[in-house]
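Please open the model in your viewer and keep the sequence panel beside it. The tour below goes from one selection to the next and says what is to be found at each stop.

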Amino acid sequence: MSAVGVPVTPREISTAEVAVRQRSGWAIMAAFAVVALVSSPVAAGESSATDDAIWVRPSGGAEETPVWGHRDGLRVGIAPLPGPRGLLRVYAPYLGDRDRHVINYIAIEPVPQGQEARGLSELEFSELDQQRGKRFWSVNDPVDATPRDDAAPATGVVNQVDGVSHLQVFIQVERFLNGAHVYARLTFREDQPHAVGVALFAHEDSRPLSKCIATATMGNYARVRELHLAERVVEAGGLWPDYRGDGFTPHARFPLQELKRTANGAALASVTPDEASPQDAPLAPGTRGHWRYQGLRARQSWRVADPAAELEVLVNGRFAYWASQAPIPGGIAFENFEMVSPFRQGEEFCFSVDPLDETPTQAAPTTP
C-alpha cells in the first residue's frame with residue numbers, strides 16, 4: 001500500500017490546559033500531526049474489483065495504513081499514524097488541500113451515569129502503555145475487545161444494503177478511567193461520499209452511561225464561525241464578543257427545537273467559515289505555518305436520524321490557536337462542535353464535510 005506523508009506539527013499540551021479540561025469536561029481539541037493518507041487503494045479481504053473502485057481500506061497484511069473510506073471522498077484514520085492518540089482523523093482530499101492535512105479530528109467522550117465530567121479520549125493516559133491518549137484499534141467483529149497489534153489494522157467489511165455498497169469497521173477504545181468501556185462503528189455509504197456514520201456502543205462490562213459524545217475538535221483550522229440552525233445563523237463573535245483569552249470559551253448550547261430537520265425527520269446542524277478566501281488571511285507573527293488553511297472551503301455537519309427530545313448542539317470557541325498566544329485571523333472561531341444526547345446503544349451520528357466552492361483555493365497535489 002502506498003501512502004503520502006503530511007508535514008504537520010504536533011501540539012504541546014500544557015498542565016494548565018489539562019487541568020481546565022479535567023475540571024470542566026469540555027470537548028478535546030486536536031493538534032496538527034504528521035499523517036499518512038492512502039493514495040492508491042488496495043483490495044481488502046474478499047474485495048471485488050467493483051469494491052476496489054469505491055473503497056480505501058487495509059488489505060489485512062502487516063504494516064498497513066489504518067485508513068478507511070471513499071476512494072474519491074471522505075476517509076477516517078487512527079493511530080499509529082503519527083499524531084495525538086485517542087482521536088479519529090478525518091481526511092477530505094477532495095477539497096484540494098495541497099499538503100493533505102486532516103480537516104478535523106473526532107474525539108470520543110463518555111459520561112457515566114451519576115457523573116458530569118467526560119472521559120477524555122485524547123488527554124487521558126493509557127493504562128496499557130502509560131502514554132497520553134486512549135488506545136484505539138480496529139476490528140471487524142466488536143465482540144472481541146482484546147487490544148490488537150497496531151501494525152495489523154482490520155480490513156473492514158463491505159456489504160450491500162438496498163443496493164448500496166457500505167464499508168464498515170469497528171474502532172475499539174481502551175477502557176476510560178471513569179469505568180466507561182465503549183467502541184465505535186464507522187459506516188461509509190457509496191451514495192454519501194463526503195460523510196461517515198459514527199455509531200457509539202457500550203460493552204457489557206462498561207459502567208452505565210448517561211452520554212457518549214463524538215466531538216469534532218479542530219474547527220479553528222478551517223476557522224468556522226457560522227453555526228447554521230433552522231431559523232438563524234449564529235456567529236462565534238456574537239456569542240463571545242469580549243473574549244480575548246488563550247483557552248476555551250464556555251459551551252453555547254442549542255436545543256433540538258432550534259435545529260434544522262430533514263424531510264425524514266433527521267436533525268441537522270452545520271458550521272461554515274465566514275471568509276471568502278481563508279488561505280489569504282495574514283497570520284499573526286509567531287503563528288505556526290501549519291494553521292494556514294488550504295484547499296476548498298467546506299461545510300462541516302452533524303446529523304442524527306432519530307433525535308431524542310433532549311438532543312442539543314454544543315459549540316465552544318477559541319480566540320488564540322491551541323497551545324499558543326497567536327490570535328486567530330479574523331477573531332474568535334468555533335473549535336469543538338458536537339451533538340449531545342442521552343446515550344442510546346448504537347445511535348449513529350453522521351459527520352460530513354461538503355465543499356462550498358467549485359475551484360480549489362490552491363492547486364491540488366499530483367497523485368504519485
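Select Asp205 to begin: its relative accessibility is 45%, so Asp205 counts as partly exposed, a class that lies between buried (under 20% relative accessible area) and exposed (over 50%), as computed with a 1.4 Å probe on protein chains only. This is a predicted model, in which local features need pLDDT of at least 70 and side-chain atom pairs count only at pLDDT 80 or more, while totals for chains, interfaces and linings use all residues. Residues are numbered from 1 along each chain as its sequence is written, and side-chain values use heavy atoms, with hydrogens and water left out.

Helices (H or I, at least four residues) and strands (E, at least two) are DSSP runs, numbered from the N terminus. Arg175 also counts as partly exposed, because its relative accessibility is 31%.

How many salt bridges does a search of the whole structure find? The search finds 15. One to select is Glu174 with Lys134, whose closest N and O atoms are 3.8 Å apart. Glu174 sits in the loop between strand S10 (164-173) and strand S11 (182-189), and Lys134 in the loop between strand S7 (104-112) and strand S8 (136-139), 40 residues apart. Both Glu174 and Lys134 are buried.

Next, select Glu348 and Arg185, whose side chains meet in a salt bridge at 3.8 Å, N to O. Since Glu348 lies in strand S22 (residues 347-355) and Arg185 in strand S11, the pair ties together parts that are 163 residues apart in sequence. Glu348 has 33% relative accessibility and so counts as partly exposed.

**Stop three: strand S14 and its partners**

Select strand S14 (residues 224-228), where five of five residues are buried. Strands are said to pair here if DSSP finds at least two bridges between them. S14 and strand S18 (residues 267-273) run antiparallel and are joined by four bridges, and Leu227 stands opposite Val271 in S18. S14 also pairs in the antiparallel sense with strand S15 (residues 233-235), over three bridges, where Leu227 stands opposite Val234. A hairpin of four residues joins S14 to S15.

**Stop four: aromatic rings**

Rings of Phe, Tyr and Trp (its six-membered ring) pair if their centres lie within 6.5 Å, and planes under 30 degrees apart count as stacked, over 60 as edge-to-face and the rest as tilted. By this rule the count comes to seven aromatic pairs. Among them is the edge-to-face pair of Trp240 and Phe334, at 6.0 Å centre to centre and 80° between the planes. Trp240 lies in the loop between helix H4 (236-239) and strand S16 (252-255) and Phe334 in strand S21 (residues 333-340), so the pair ties together parts that are 94 residues apart in sequence. Trp240 and Phe334 are both buried.

Compare the rings of Trp291 and Tyr321, which are stacked because their centres are 4.4 Å apart and their planes are at 15°. Trp291 and Tyr321 are both buried. Phe170, Tyr183 and Phe201 can be selected together, as they form one aromatic cluster.

**Stop five: the open sheet**

Finally, colour the open sheet of nine strands, which has the order S3-S4-S5-S6-S7-S13-S21-S20-S16 with antiparallel pairing. Strand S3 (55-56) and S16 stand at the edges, each with a single partner strand, so one side of each is left without a neighbour in the sheet. Within the sheet, S13 and S21 run antiparallel and are joined by two bridges, and Thr215 stands opposite Glu338 in S21.

Methods:
Salt bridge = Lys/Arg side-chain N within 4 Å of Asp/Glu carboxyl O.
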